[in-house]
Amino acid sequence: QVQLVESGGGLVQPGGSLRLSCAASGSFFSIGVMGWFRQAPGKERELVARIGSSGVATYADSVKGRFTISRDNAKNTVYLQMNSLKPEDTAVYYCNALIFIRTYITYTDYWGQGTQVSVSS
């Protein structure tokens with residue numbers, strides 16, 4: 001029905017940058033809040049950043065000042081610009097979106113497949 005496809009992960013040295021993209025495709029009415037989560041080995045999945053349909057963004061304290069979330073509603077895409085990357089940022093990053101299927105009454109949480117971000121020298 002709906003698919004979230006992520007891209008942009010990879011291996012980067014400390015201090016480097018990566019930009020993640022997540023595009024929604026399929027049949028749906030509208031997209032609400034979108035966000036990025038990450039999960040490192042042996043740790044709980046945590047919220048990295050989220051952005052509402054109006055553009056209001058929130059961030060985890062650990063990434064404030066380094067990461068920027070944005071969205072392009074015309075392309076049904078959310079981005080995560082990651083600068084000044086640290087080894088602690090190493091994790092699988094998952095895109096998440098609240099998708100309204102037919103009306104604002106019917107909605108479902110969707111998740112991307114995950115993309116690996118590795119920060120190492």
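L11 is placed in strand β2, which covers residues 10–12, in this predicted model. L11 counts as exposed, because its relative accessibility of 66% is over 50%. Setting aside residues up to four places away in sequence, L11 touches S118 and S120.

**The chain as a whole**

- The protein chain has eleven strands and zero helices.
- Taken along the principal axes, the box filled by the C-alpha atoms is roughly 45 × 25 × 25 Å.
- Of the 121 residues in the protein chain, 42% are buried.
- Among contacts with a separation of 6 or more, 56% are between residues 24 or more positions apart.

**Surface and charge**

- The protein chain exposes about 6500 Å², and 49% of this area is supplied by carbon and sulfur atoms.
- There are 11 positive and 8 negative charges in the protein chain, and their mean positions are 5 Å apart.

**Strand β3: A24**

- A24 is located in strand β3, made up of residues 18–26.
- A24 counts as buried because its relative accessibility is 9%, where the cut-off is under 20%.
- The C-alpha atoms of A24 and Q3 are separated by 5.7 Å, with the two residues 21 apart along the chain.
- Beyond its neighbours within four places in sequence, A24 is in contact with Q3, L4, I31 and N76.

**The loop between β7 and β8: N73 and N76**

- N73 is found in the loop between β7 and β8, and N76 has its place in that loop as well; β7 covers 67–72.
- N73 is partly exposed, with a relative accessible area of 46%.
- The side chain of N73 makes a polar contact with the side chain of R71 at 2.8 Å.
- N73 and G55 are 18 residues apart along the chain, and their C-alpha atoms are separated by 9.8 Å.
- N76 is partly exposed, at 26% relative accessibility.
- N76 is a residue other than glycine with a positive phi, near 50°.
- N76 is also one of the residues in contact with A24 of strand β3.

**Strand β8: T77**

- T77 is found in strand β8, which covers residues 77–82.
- T77 is buried because its relative accessible area is 7%, and a value under 20% counts as buried.
- The side chain of T77 reaches the backbone oxygen of K75 at 2.8 Å.
- Not counting residues up to four places away in sequence, T77 touches C22, A23, S70, R71 and D72.
- R71, one of the residues touched by T77, is also the partner of N73 in the side-chain polar contact.

**The loop between β8 and β9: S84**

- S84 lies in the loop between β8 and β9, the latter being residues 91–100.
- S84 is partly exposed, with a relative accessible area of 42%.
- The phi of S84 is positive, about 50°, although S84 is not a glycine.

**Strand β9: N96**

- N96 is found in strand β9.
- N96 counts as buried, at 9% relative accessibility.
- The side chain of N96 reaches the backbone oxygen of Y110 at 3.1 Å.
- Leaving aside neighbours within four places in sequence, N96 is in contact with L4, V33, M34, G35, F37, D109, Y110 and W111.
- L4, one of the residues in contact with N96, is also among the residues in contact with A24.

Conventions. Residues numbered from 1 in each chain as written. Predicted model: local features only at pLDDT ≥ 70, side-chain atom pairs only at ≥ 80, totals over all residues. Heavy atoms only, no water. Helix = DSSP H or I, 4+ residues; strand = E, 2+ residues; numbered from the N terminus. Buried < 20%, exposed > 50% of the residue type's maximum accessible area, 1.4 Å probe, protein only. Polar contact = N/O pair within 3.5 Å; in protein donor to acceptor, adjacent residues only side chain to side chain. Contact = heavy atoms within 4.5 Å. Areas by Shrake-Rupley, 256 points an atom, 1.4 Å probe, with all protein chains shown as cover. Lys, Arg positive; Asp, Glu negative; His and termini not counted. Charge placed at Lys NZ, Arg CZ, Asp CG, Glu CD.
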